[in-house]
Amino acid sequence: MSDYKFGWSDSDEGYAFTSGTGLTRETVAAISERKNEPSWMRDLRLRAFDAYGRRPMPNWGSDLSGIKFEDIFYYVEASEKQANSWEELPPEILETYEKLGIPQAERERLIAGVAAQYESTVLYHKVREDLEEQGVVFLDTDTALHEHEDIFREHFATVIPANDNKFAALNTAVWSGGSFIWIPEGVKVDIPLQAYFRINKQNMGQFERTLIIAEPGSYVHYVEGCTAPIYSSDSLHSAVVEIIVKEGARVRYTTIQNWSNNVYNLVTKRAVAEKNATMEWIDGNIGSKVTMKYPAVWLTGEGAKGEVLSVAYANDGQHQDAGAKMVHAAPYTTSNILSKSISKGTGRTSYRGLVRIEEGAHHARSAVKCDALMLDDTSRTDTYPYMEIEQEDATIEHEATVSKVSDDQLFYMQSRGIDEDEATAMIVRGFIEPIARELPMEYSVELNRLIALEMEGAIG
Amino acid sequence: MTTSSLRSGPEKTVAPVDRVAVPLDALTEDAVRSLATGEPDWLVDRRLAATKRYLDQSWPDSRKDEFWRSTPFAKRFDVSHPLVAEAPAAVGTDTEGDDALPGSLVASLELSTAQVRIVDGELVEVVVPTALAEQGVVVTDLRTAAEEHADLVREHLGSLTTSGEGSGADEDRTITVNDAAWTAGAFVYVPAEVELSDPIGVHVHVTRDGAHLPRVLAVLGHHAKATIYLEHTSDEGVSALVDEVVEVVAQDASQVDLVSLHEWADGIGHLSLQKIAAHRDTRVRHAAIVAGGSTVRLRPECDLLGPGADVRPLGMYYADEGQWFDLQPYVRHIAPRATSDVFYKGALQGNSRTIFRGNIFVHKDAVGTATDENNKTLLLTEGARADATPFLEIECADITAGHGSATGQLDARHLFYLESRGIPRPQALRMLVHGFFGEILRAIDLPGVEERALSHIEAELASTDLDNLGINDAALRGELRGEL
């Protein structure tokens with residue numbers, strides 16, 4: 001725990017508004033009122049709250065009995081107003097992001113736009129002017145609701161309905177912050193849009209909501225990173241990400257999550273890929289107490305493509321239950337899943353995936369590959385791939401391997417003068433390389449650095 | 001049948017009990033007591049303990065129970081069937097010309113070997129050749145064995161299901177009901193060091209509507225070797241639920257092959273747990289040939305309890321219009337340095353459904369485990385649905401594990417190759433389907449089994465319109481695009 005690099009926390013004082021702990025209908029209505037939302041959104045939140053009460057807790061995957069729903073702050077508003085430049089951010093928040101290394105990339109203009117969310121509020125966002133001129137919208141979700149209500153209303157909660165599952169319902173009831181991206185037809189954003197999410201308050205629930213709409217023929221790469229400091233009690237992160245990739249468009253969504261090890265990270269991420277569209281999820285899961293996350297693509301248009309590349313690292317006491325879902329609902333759709341997991345100590349990784357080929361989705365093809373690396377004799381890894389095939393001409397393949405850092409490999413490298421820790425790190429870097437090479441450079445470096453931190457003392 | 005056989009009909013076993021026609025979903029303690037009339041007290045007590053568990057349990061719910069996720073229990077199995085209460089319509093004696101019972105595979109091999117027939121919840125025939133009896137081999141009615149071989153039966157019956165301490169302790173009601181109310185059972189015992197060259201036959205046949213609860217217990221002493229053919233057949237037009245439990249205890253260094261043939265007519269729902277305890281250095285093969293029945297949910301399970309054990313669960317299934325096969329091979333590596341290799345192949349045509357749900361569990365102490373799991377499914381025509389879930393749960397790093405699953409169609413390139421050599425299309429298609437299954441049939445390699453399996457494949461192919469078989473031409477199209 002002491003190795004956790006982002007384990008400082010800022011002062012707990014000075015929040016402009018908090019909902020208090022626990023959740024009631026009144027809290028939900030109060031959040032909506034506080035945000036001055038249109039009535040349809042308030043009604044949707046309240047419907048979602050009812051669904052949240054009705055929906056059962058998942059009876060599979062990780063043990064979620066440790067979540068104390070009644071102790072959670074569902075909405076905490078930072079006192080600062082949104083800033084227009086890094087320099088305008090309050091010093092303590094600026095310092096936080098400095099430590100995370102975020103302004104670097106922003107200053108150097110390596111990215112097309114950036115947003116930063118602190119607790120429930122997005123405090124900073126910026127889009128490159130030329131993109132703004134082309135009509136690219138990159139806003140925090142709350143602002144977008146007011147400024148682009150028509151587009152927002154047309155798409156919000158269409159990919160993930162309010163009652164989809166217990167945690168999606170909870171998010172829909174209390175969502176706050178997150179990113180809203182709208183890429184006009186034919187516009188290709190050449191370098192990534194980025195967002196950073198941080199839970200700073202103890203017992204905080206963070207419920208950001210991200211909605212990305214890529215109009216026909218457009219392209220965008222969105223990157224998010226998440227952290228939380230360490231507190232003695234658990235926090236809940238339950239985001240919802242909806243992505244609509246219209247005809248011929250392509251969206252790439254990259255997450256590197258590095259939660260502290262008392263965060264329950266229960267996220268619903270789903271994209272719809274229309275005709276000849278491409279959706280790519282790149283997902284790095286490090287840290288957290290429990291992660292349950294299965295990025296999904298609903299391939300609804302002919303020729304749509306879906307891809308998930310994911311890497312998970314489970315250290316002591318952690319359960320990374322991550323995977324992917326591909327639903328082939330149209331002809332000539334293809335999907336590809338590559339999942340890599342590393343487990344250490346009492347950590348547990350699980351790949352839980354679904355490939356469904358619906359009737360009529362002729363000539364669908366899917367390939368799934370899961371590789372698990374175990375660093376010692378006490379960790380655990382599972383593979384739970386579901387394949388449901390209703391179309392006779394589908395071609396589906398699934399492959400998995402489990403391996404350990406072998407004594408032979410270590411001996412070979414040690415005999416060439418590489419010490420054991422470095423040898424192990426090299427093996428792990430080689431193992432995750434297929435994912436790391438898909439990341440933007442600074443994220444690839446960050447992923448390797450985070451894994452190196454997790455691995456200290458890996459070999460007993 | 002050779003003249004050296006000892007024959008015994010039901011008159012030589014414990015007298016048939018008063019059979020009660022209680023519905024399977026309304027079992028009572030009184031009904032179970034009545035079923036157990038004449039049994040030793042310990043067995044009655046076990047039945048009653050199981051009845052108590054049964055009363056506390058519900059039937060499986062696919063929304064709540066992960067292992068029932070793919071098969072809606074209430075839709076596919078009728079638990080209102082009463083236990084079959086009438087004696088079998090025809091107590092066959094396996095004489096030639098008596099067509100009341102279909103010939104079993106073992107009988108057709110014309111071997112001098114042991115056989116048991118269970119018809120409509122009653123053991124109607126036991127044949128044990130003198131030569132086997134003299135070696136100490138026991139093949140008999142389970143009730144008789146509970147008296148005559150009380151120590152063996154008491155130790156092992158239920159040891160792998162709900163009565164045991166092991167992995168069966170939290171079994172669902174479909175198993176508990178058999179523990180409580182099994183109606184006819186077979187007991188097979190092969191003493192230590194005895195190696196049998198010919199298969200022992202256990203044939204379950206159904207002629208009457210109702211619930212049938214057969215039970216099989218087989219125990220192999222150390223260094224023993226045996227093959228058991230477990231056959232399931234029924235008359236046409238019968239509507240029945242067969243809820244079966246099979247336990248096989250393979251003691252140190254023994255070798256056992258268990259072949260389970262499912263050749264039901266339509267109208268039979270079959271629930272079967274076939275569980276094998278593999279102790280030190282055993283070599284176990286389980287081969288499932290599933291070709292008939294309206295719904296078959298088969299759980300071939302192997303617990304690797306001793307170091308060096310080796311198990312090979314094999315499966316071949318072919319589902320046709322209206323059939324629903326849910327196959328759940330489960331391997332638990334509990335001991336170190338054991339190996340397992342699961343291999344299932346299936347084909348579907350018509351409006352049919354198959355589920356392959358493989359499970360490999362490696363306990364943290366099972367160092368040096370080597371395991372592999374593979375499933376391949378061929379979707380031949382429209383309307384078929386195949387689910388595959390090859391699971392791995394690994395608690396121990398010092399192992400090698402892999403799994404693979406593939407679902408697809410016949411490959412147009414293979415068809416093209418055969419046709420280009422002058423083989424007519426229908427024959428070429430047949431060859432491809434045969435070739436697909438050939439791999440698994442060669443792995444089974446036991447007398448009579450391949451022929452029997454091939455006859456099912458032939459029958460299925462004969463009933464299908466070969467011109468309408470789906471052919472995957474994606475690769476072919478890809479190659480053509482490449483050339484252009």
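The model described here is predicted.

**Chain B overall**

- Chain B contains twelve helices and 24 strands.
- The radius of gyration of chain B is 22 Å, close to the 23 Å given by the globule rule for 484 residues, so chain B is as compact as a globular protein of that length.
- Taken along the principal axes, the C-alpha atoms of chain B fill a box of roughly 80 × 55 × 45 Å.
- Buried residues make up 62% of the 484 residues of chain B.

**The largest pocket**

- The largest pocket holds about 1,300 Å³ of space.
- Its lining comprises 39 residues, of which R55(A), P58(A), W60(A), K325(A) and R69(B) are the closest to the centre.
- The elements that give two or more residues to this lining are α8 (166-174), β14 (263-273), β17 (296-299), β19 (319-328), β21 (348-357) and β23 (380-389) of chain A, together with β21 (385-394) of chain B.
- β14(A) provides the largest share of the lining of the largest pocket, with five residues.
- By class, the lining of the largest pocket is made up of 17 charged, 15 nonpolar and seven polar residues.

**Enclosed cavities**

- The whole structure contains six cavities of 30 Å³ or more.
- The volume of the second largest cavity is about 110 Å³.
- Among the 19 residues that line the second largest cavity, S339(A), S341(A), S350(A), Y351(A) and D382(A) are the closest to its centre.
- At least two lining residues of the second largest cavity come from each of β18, β19, β20, β21, β22, β23 and β24 (395-404) of chain A.
- The lining of the second largest cavity has nine polar, seven nonpolar and three charged residues.

**Strand β20 of chain A and its partners**

- Eight of the ten residues of strand β20(A), residues 334-343, are buried, and the strand is thus described as mostly covered.
- Strand β18(A), residues 305-314, runs parallel to β20(A) and is joined to it by ten bridges.
- Within this pairing, A312(A) is placed opposite S341(A) of β20(A).
- S341(A) is also one of the residues closest to the centre of the second largest cavity.
- Strand β22(A), residues 365-374, pairs with β20(A) in the parallel sense over ten bridges.
- I337(A) has V368(A) of β22(A) as its bridge partner.

- Strand β6(A), residues 179-183, is mostly covered, with five of its five residues buried.
- In a regular strand, side chains alternate between the two faces of the sheet.
- In β6(A), S179(A), I181(A) and I183(A) point one way while F180(A) and W182(A) point the other way, and all are buried.
- Strand β5(A), residues 137-140, pairs with β6(A) in the antiparallel sense over four bridges.
- L139(A) has F180(A) of β6(A) as its bridge partner.
- Strand β9(A), residues 209-214, runs parallel to β6(A) and is joined to it by four bridges.
- In this pairing I183(A) stands opposite A214(A) of β9(A).

**Selected residues**

- A157(A), although not a glycine, has a positive phi of about 60°.
- This residue is located in the loop between α7 (149-155) and α8 of chain A.
- The relative accessibility of A157(A) is 15%, under the 20% cut-off, so A157(A) counts as buried.
- D445(B) is likewise not a glycine and has a positive phi of about 45°.
- The loop between α10 (425-444) and α11 (449-462) of chain B contains D445(B).
- The relative accessibility of D445(B) is 58%, over the 50% cut-off, so D445(B) counts as exposed.
- V263(A) belongs to strand β14 of chain A.
- With a relative accessible area of 1%, V263(A) is buried.
- The C-alpha atoms of V263(A) and I67(A) are separated by 9.5 Å, while the two residues are 196 residues apart along the chain.

Technical notes: Residues are numbered from 1 along each chain as its sequence is written. Chains are lettered from A and ligands numbered from 1 in the order in which they are written. This is a predicted model: local features need pLDDT of at least 70, side-chain atom pairs count only at pLDDT 80 or more; totals for chains, interfaces and linings use all residues. Side-chain values use heavy atoms; hydrogens and water are left out. Buried means under 20% relative accessible area, exposed over 50%, partly exposed in between (1.4 Å probe, protein chains only). Two strands pair if DSSP finds at least two bridges between them. On a 1 Å grid over the protein atoms alone, a cavity is a set of points where a 1.4 Å probe fits but cannot get out, and a pocket is an open set with protein on both sides within 12 Å along at least five of seven lines; lining residues have an atom within 4 Å of a point. Grid points are joined across faces, edges and corners, and a volume is the space filled by probe spheres set on the points. Ala, Val, Leu, Ile, Met, Phe, Trp, Tyr, Cys and Pro count as nonpolar, Asp, Glu, Lys and Arg as charged, and the others, Gly among them, as polar. The radius of gyration is taken over C-alpha atoms; the globule rule is 2.2 Å times the number of residues to the power 0.38.
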